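Please keep the structure in view while reading.

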Amino acid sequence: MDDLLFDLQLVALGISNGAFYALLSLGLAVIFGMLNVINFAHGAQFMLGAFAAWGLLRYAGIGYWGALVLAPLIIGALGVAMERLMISRLYKLDHLYGLLLTFGCALIIEGLIRNNFGSSGQRYAPPAMFGSLDVEYGEFFLPGYRVWVLVAGTVICLATWLVIEKTKVGSYLRAATERPELVQAFGINVPLMMTLTYGAGVALAALAGVLAAPVYSVHPNMGANFIITVFAVVVIGGMGSILGSVVTGFLLGFVQGITDLVYSEASQTVVFVIMAIVLLTRPAGLFGRA
């Protein structure tokens, strides 16, 4: 019985990791689906969100809840500036140009953070109130903060999907992606909409970073550790498919938890094995359009 509970604990932790995959892949899917930009700086922006939360606490005395609001706004504003100054010039070019630009930006961001704060991790403790949410039964233990991450991640992903798929703003965004000239003719400022969309995708990455700060140590490479797996999640779900990215993120977190039980050495590579199988059988992804 105790062994079974311990196994369930590993699966539950895998699903909570899936919440981070879903949140990060959600931001990537929003940016690619709406703007056709492969944002390789997404991992660095995730890391900036975590560092913003840590910096707000250390230098301004602003705790977790304040950082949960302020950090995404700050990093999202940086994303808006980045889009206006650089990315907006690449919309009519091949995807490769955007990928190379954002990859270079990621290297610069990570280098600046490493030079200023070093490579060692910074501890960011979650609020003590989450201790009351701890789930414990025999050998099964799930920290209350992990429960919060799972609930918050699910709510944020669902809310973002509803905004894009079920509201007038979302319909404008989708229309601006396919027929920008037509949408512009109706008096809608398409360039501003695209700028705010990129900023929103970056803010989602930063929000995921704030949620991740108490779980993982805050360090310059934390985004790089996630981003390759998250890109695999987006490819499996279907490039640009918001629902596909969210569902696949949670599913792959669950699969990693199961793999950790059966053969722990393969838990980090199982995602890429699944990606290879999906690409061979359904190149557009599980939820993508062929």
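In this predicted model, Leu28, Phe32, Val37, Ile38, Asn39, Phe231, Val234 and Met239 form the lining of the second largest cavity. Two elements, H1 and helix H9 (222–237), each give two or more residues to that lining. By class, seven of the lining residues are nonpolar, one is polar and none is charged.

In total, the structure contains two cavities of 30 Å³ or more. The volume of the largest cavity is about 50 Å³. Its lining consists of Met34, Leu35, Leu173, Ala176, Thr177, Met193, Met194 and Thr197. At least two of the lining residues come from each of helix H1 (2–35), helix H6 (168–178) and helix H8 (190–212). Six residues of this lining are nonpolar and two are polar, with no charged residue among them.

Helix H8 also takes part in a helix-helix contact, in which helix H5 (residues 144–166) is the partner. The axes of H5 and H8 lie 11 Å apart and meet at an angle of about 170°. Because angles over 145 degrees count as roughly antiparallel, H5 and H8 are described as roughly antiparallel to each other. On the H5 side, the contact is made by Tyr145, Trp148, Val149, Ile156 and Thr160, while H8 contributes Leu204, Leu207, Val210 and Leu211. The contact of H5 with H8 comprises eight nonpolar residues, one polar residue and no charged residues.

Note on methods. Residues are numbered from 1 along each chain as its sequence is written. This is a predicted model: local features need pLDDT of at least 70, side-chain atom pairs count only at pLDDT 80 or more; totals for chains, interfaces and linings use all residues. Side-chain values use heavy atoms; hydrogens and water are left out. On a 1 Å grid over the protein atoms alone, a cavity is a set of points where a 1.4 Å probe fits but cannot get out, and a pocket is an open set with protein on both sides within 12 Å along at least five of seven lines; lining residues have an atom within 4 Å of a point. Grid points are joined across faces, edges and corners, and a volume is the space filled by probe spheres set on the points. Helices (H or I, at least four residues) and strands (E, at least two) are DSSP runs, numbered from the N terminus. Ala, Val, Leu, Ile, Met, Phe, Trp, Tyr, Cys and Pro count as nonpolar, Asp, Glu, Lys and Arg as charged, and the others, Gly among them, as polar. Axes are lines fitted to C-alpha atoms, for helices over the stretch in contact, and angles run from 0 to 180 degrees between N-to-C directions. Angles under 35 degrees count as roughly parallel, over 145 as roughly antiparallel, 65 to 115 as roughly perpendicular and the rest as oblique. Contact means heavy atoms within 4.5 Å.
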